[in-house]
Amino acid sequence: MPLQAPAIANTPATGFERLLHIMDDLRANCPWDKKQTLESLRHLTIEETYELSDAILSADMPEIKKELGDIMLHLVFYAKIASETNDFNITDVLNSVCEKLINRHPHIYGDVEVQNEEDVKRNWEQIKLKEGNKSVLGGVPASLPALVKASRIQEKARGVGFDWEEKSQVWAKVEEEMQEFRNEFNAEDESTIDHEKAEGEFGDLLFSLINYARFININPENALEKTNKKFIKRFQYLELKAKENGKQLQDMSLAEMDIFWEEAKKM
């Protein structure tokens, strides 16, 4: 006999409670949900997070709402699995994050005074160290993609005052790293190029560019992903026009492809 589905909610509290009831039902009765573990859900959660990111970059509000729901489900799912082994439950999770937020916002829930966002960030990092973090950079996940990790490393270093004073200094560093990278490829005989050292210099160049982006309030991850999407759109237009003209890309000259590429740029 089918279970009675929880009724539509009209408040945040009842909406969250509805999701918890459905999670209980699925875990108890659905063959797929019953099999899941923290580990089996992990890659699915990562996928859902990237789908949310795509929706945000596309400014697709209905899709953002959908993906937020998917991620919320995953968070509840993890807590449900942990509750079955008496490690923690969803109430513990919520109380834990609430206590952390209260503790890390003494300018809201205490008598600490701040003047601006930078004061807030500085206090946040100092409080984390008092909580047991051995390093300001200890909270940067090792598995983050390198581009995102570089941004987080720089933000955290800035939070304790380790930063450039002017963006002109950062740009000078970009130019310095660019020259050092170029110097690795100036040899006429390519066999003499130290590719490991060149790779290191290229990494330094990327790191300095990410630093400059931070100074001018550009999110490098978002910027690069928008460029990726732009390239994909233009390249697919190129493929379409080639097909319409009865041609294969591999059989076309670069000059022929450039004609369609320029058309794509005007779209």
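Reader: With which residue do the side chains meet in a salt bridge when Lys121 is one partner?
Author: This is a predicted model, in which local features need pLDDT of at least 70 and side-chain atom pairs count only at pLDDT 80 or more, while totals for chains, interfaces and linings use all residues. Residues are numbered from 1 along each chain as its sequence is written, and side-chain values use heavy atoms, with hydrogens and water left out. A salt bridge is counted where a side-chain nitrogen of Lys or Arg lies within 4 Å of a carboxyl oxygen of Asp or Glu. At 3.2 Å, N to O, Lys121 meets this criterion with Glu117.

Reader: In which helix are Lys121 and Glu117 separated by about one helical turn?
Author: Helices (H or I, at least four residues) and strands (E, at least two) are DSSP runs, numbered from the N terminus. The two residues, Lys121 and Glu117, are four positions apart, and therefore about one helical turn, within residues 117-130, helix H7.

Reader: Is Glu117 buried or exposed?
Author: Relative accessible area, taken with a 1.4 Å probe on protein chains only, defines buried as under 20%, exposed as over 50% and partly exposed as in between. Lys121, at 34%, counts as partly exposed. Glu117 has a value of 52% and is accordingly exposed.

Reader: Which residues are linked with Lys66 and Asp70 in a network of salt bridges?
Author: Side chains of opposite charge can pair when their charged atoms come close. The network that holds Lys66 and Asp70 also includes Glu63 and Glu67.

Reader: How far apart are the closest N and O atoms of Asp163 and Arg158?
Author: Asp163 is partly exposed, at 27%, and Arg158 is partly exposed as well, at 31%. The structure holds 17 salt bridges. In the one between Asp163 and Arg158, the closest N and O atoms are apart by 3.4 Å.

Reader: What is the phi of Asn217?
Author: Asn217 is placed in the loop between helix H10 (195-215) and helix H11 (220-244), and is exposed at 75%. Its phi is positive although the residue is not glycine, with a value near 60°.

Reader: How much space lies in the largest pocket?
Author: On a 1 Å grid over the protein atoms alone, a pocket is an open set of points where a 1.4 Å probe fits, with protein on both sides within 12 Å along at least five of seven lines; lining residues have an atom within 4 Å of a point. Grid points are joined across faces, edges and corners, and a volume is the space filled by probe spheres set on the points. For the largest pocket this space is about 1,000 Å³.

Reader: How many charged residues are in the lining of the largest pocket?
Author: Of the 32 lining residues, those closest to the centre are Leu144, Val148, Arg152, Asn219 and Glu221. Ala, Val, Leu, Ile, Met, Phe, Trp, Tyr, Cys and Pro count as nonpolar, Asp, Glu, Lys and Arg as charged, and the others, Gly among them, as polar. The lining divides into 13 nonpolar and nine polar residues, and the number of charged ones is ten.

Reader: Which helix supplies the largest share of the lining of the second largest pocket?
Author: The second largest pocket holds about 180 Å³ of space. Its lining consists of Leu19, Lys65, Leu68, Gly69, Met72 and Leu73. Five residues, the largest share, come from H4.
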